[in-house]
Amino acid sequence: MKVAQEILDFYTRPAAMTSPGAHAPRLDELPRDVPSLVRVVQGLLLHQHWAQAYGVELSDERRDESHLRPVDRMLDRLLAHDARPLSAARPLETRLVGTCRQFTVLLVVLLRAKGVPARARCGFAGYFNPGSFVDHWVCEYWNAAEARWVLVDAQVDDVQRAALQPDFDLLDVPRDRFVVAGDAWAKGRAGEADPMKFGFLDEGGLWFIDGNIVRDLAALNGMEMLPWDCWGAMSRPEEPHGDERLALFDRLAAVTGAPDARFAELRATYEGDERLRVPATVLNAVLNRQDTI
C-alpha cells in the first residue's frame, strides 16, 4: 500500500496528547523494535479493570489515574511512583493505572520517538467477550518493510493472554478481530452485524458506535481523548438518529475507515466542524463532570 510521506510524517510527530515533554530524553534508552516496546509499556501500566486478576485492590485515588490524558502527565505520575528508567518493569503497586487507551497512547509515543509512524485507533475488540465486540483502543503503526499499517494490542500481556487465549498474534491483530469504529458503523448500517453487539457491559448500539467514530476521528487528528469523554456530535444513550445525523456518520465512517486515502478530507472535516473538533471542555461521563482540556 502506498502512503504519502506527508501522512507518515504527520503520524511520527508528537501531538497535544502524545508529547513526552520534559521526559523525552528518557525515551532515548529504550529499544526500537515493536515487541520490546510493547513489553516496556506492559511493565509500566496496570489496567484498572484487570487489577484483581493480578491480585491488586485499587484505591479510588489510584483509579483516578485512568483520567489522565496527556502522556507527559501520565509519565509525571508514573515517575512519582517509581523514578527508575522506563526500561525497568515496575512492581504492580507502582505501575500507572489506566485503561486500553493509556496502553495505546504510550506505545504510540514510544514508537514515534523511534521514528515509527503510529496512531491510536478507537473501535471494538471481538476477543474479550465471545459473541460481542467490546469498546477498545489499539495502536496502529506503519510497518515500512511490509508497507502496511499493523494493529497492535499492547494491553494484553501474559496474564490476560492466559485468560483470553487469543488465536492470533496480538502484535498483528486481524481487522476482523479489532474493528475500527467506522467499520463497525458501516457493518451495522448494512445489516452485516448487530449494532447492539458493539459496546461495553450492557450498553451498545449505533449511538455507542457513533461516539467511538468521533473519538477515532479526533485521535486520527492528534487528539486522543479518554474513552468516556463526550462532546459535540456524539449521541446520547439510546438517542435515535434522524436522516441528517445518519448521513453525517455514514460520511465519518467512510472517512475514518480510509484515513490515508481520504487524509485531506479527514483533516478538513475535523478542523472545520465544531461538532467534531475537541472543544475546550468535554464531559467526563464516568465522573459526570466537565473537564478542561
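Let's start at strand S10, which covers residues 281-284 of this predicted model. Follow its side chains and you will see them alternate between two faces.

Strand S9, made of residues 229-230, pairs with S10 in the antiparallel sense over 2 bridges. In this pairing, Cys 230 has Leu 283 of S10 as its bridge partner. S10 also runs antiparallel to strand S11 (residues 289-292), and 4 bridges join these two strands. How many residues lie between S10 and S11 in their hairpin? There are 4, and Asn 288 in the turn has a positive phi of about 50°.

Next, let's visit the nonpolar cores. The largest one has 39 residues, and those with the most contacts inside it are Tyr 11, Ile 213, Trp 231, Phe 249 and Val 278. Several helices each give two or more residues to this core: H1 (5-10), H7 (181-189), H8 (206-220), H9 (243-257) and H10 (263-272). Which of the elements gives the most? That is H8, with 8 residues.

Leaving aside residues up to four places away in sequence, Ile 213 touches Ala 181, Gly 182, Trp 185, Phe 249, Leu 252, Ala 253 and Thr 256. Apart from this core lies another, of 37 residues, which include Leu 86, Leu 106, Cys 122 and Cys 139.

Note on methods
Residues are numbered from 1 along each chain as its sequence is written. This is a predicted model: local features need pLDDT of at least 70, side-chain atom pairs count only at pLDDT 80 or more; totals for chains, interfaces and linings use all residues. Side-chain values use heavy atoms; hydrogens and water are left out. Buried means under 20% relative accessible area, exposed over 50%, partly exposed in between (1.4 Å probe, protein chains only). Two strands pair if DSSP finds at least two bridges between them. A nonpolar core is a set of buried Ala, Val, Leu, Ile, Met, Phe, Trp, Tyr and Cys residues joined through side-chain atoms within 4.5 Å. Contact means heavy atoms within 4.5 Å.
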